[in-house]
Amino acid sequence: MLRVFLVFLGFTVSGLGGAGAYYWHAFTDAMGIFGQGTVAPASSGKPQSTAQAAPAPDQPFTMLLLGSDNDAKFDGGPVLTQSMILARVDPVAKTVTMLSIPRDLYVDLSTGQTDKIDKSFLNCGASAALRT
């Protein structure tokens, strides 16, 4: 019984170590992504564009891509962000690093509440989602 347990433990440790080594670069790149600049003030919860001045051509930049559930099937109502993706573009290295943020992730919102991250846009628009 002890041998079976040790073999199982060996496979588990090896699998976790291999997965960690495989995803380490993606993890460190994702942790190194930082926002920049400011965004336009939110407008009454309606979808909006928060375009900023373009960075220098050789400077990396990060953007937050938000996808809503407002497909105009229904009138009015709150708009939640169904997809949130941080994308970092490095023009010199010609790479794009994307990090998908799960919509059901519980975080401290910029309003001081703790709730699902998909409600950050609902509360105060794109600027609140970016701060969160």
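Reply: Patches are made of residues with over 30% relative accessible area and no salt bridge, where like charges are joined within 9 Å and nonpolar side chains (Val, Leu, Ile, Met, Phe, Trp, Tyr) within 5 Å. A salt bridge is a side-chain nitrogen of Lys or Arg within 4 Å of a carboxyl oxygen of Asp or Glu. The model here is predicted: local features need pLDDT of at least 70 and side-chain atom pairs pLDDT 80 or more, while totals for chains, interfaces and linings use all residues. Residues are numbered from 1 along each chain as its sequence is written, and side-chain values use heavy atoms, without hydrogens and water.

Me: Which residues make the nonpolar surface patch?

Reply: L2, F5, L6, L9 and V13 make it, with an area of about 500 Å². Areas come from the Shrake-Rupley method with a 1.4 Å probe, and for residues only the protein chains shown count as cover. L2 belongs to helix α1, residues 2-31.

Me: Is L2 buried or exposed?

Reply: Buried means under 20% relative accessible area, exposed over 50%, and partly exposed in between (1.4 Å probe, protein chains only). L2 has a relative accessible area of 60%, so it is exposed. In the protein, buried residues make up 18% of the 132 residues.

Me: How many helices and strands are there in the protein?

Reply: Helices (H or I, at least four residues) and strands (E, at least two) are DSSP runs, numbered from the N terminus. The protein has three helices and five strands. From the N terminus, the elements run α-β-β-β-β-β-α-α.

Me: In what order do the three strands of the open sheet stand?

Reply: Two strands pair if DSSP finds at least two bridges between them. Here the order is β1-β2-β3, with antiparallel pairing. β1 and β3 (95-101) are the edge strands, each pairing on one side only.

Me: What should I look for between β2 and β3?

Reply: Seven bridges join β2 (residues 81-90) to β3. Across from L86 stands L99 of β3, and V89 has V96 as its bridge partner in β3. In the hairpin of these two strands, four residues lie between the strands, and K94 takes a positive phi near 55 degrees.

Me: Which residues does S68 touch?

Reply: Contact means heavy atoms within 4.5 Å. Leaving out residues up to four places away in sequence, S68 touches V79, L80, T81 and Q82. S68 sits in strand β1, residues 61-68, and is partly exposed, at 37% relative accessibility.

Me: How many salt bridges does a search of the whole structure find?

Reply: The search finds two. In one, the side chains of K116 and D104 meet at 3.6 Å, N to O. This pair links distant parts of the chain, since K116 is in strand β5 (residues 114-116) and D104 in the loop between β3 and β4 (106-108), twelve residues apart. K116 is partly exposed at 28% relative accessibility, and D104 is partly exposed at 43%.

Me: Which residue forms a salt bridge with D115?

Reply: K119 does, with the closest N and O atoms 3.6 Å apart. D115, at 18% relative accessibility, counts as buried, whereas K119, at 30%, counts as partly exposed.
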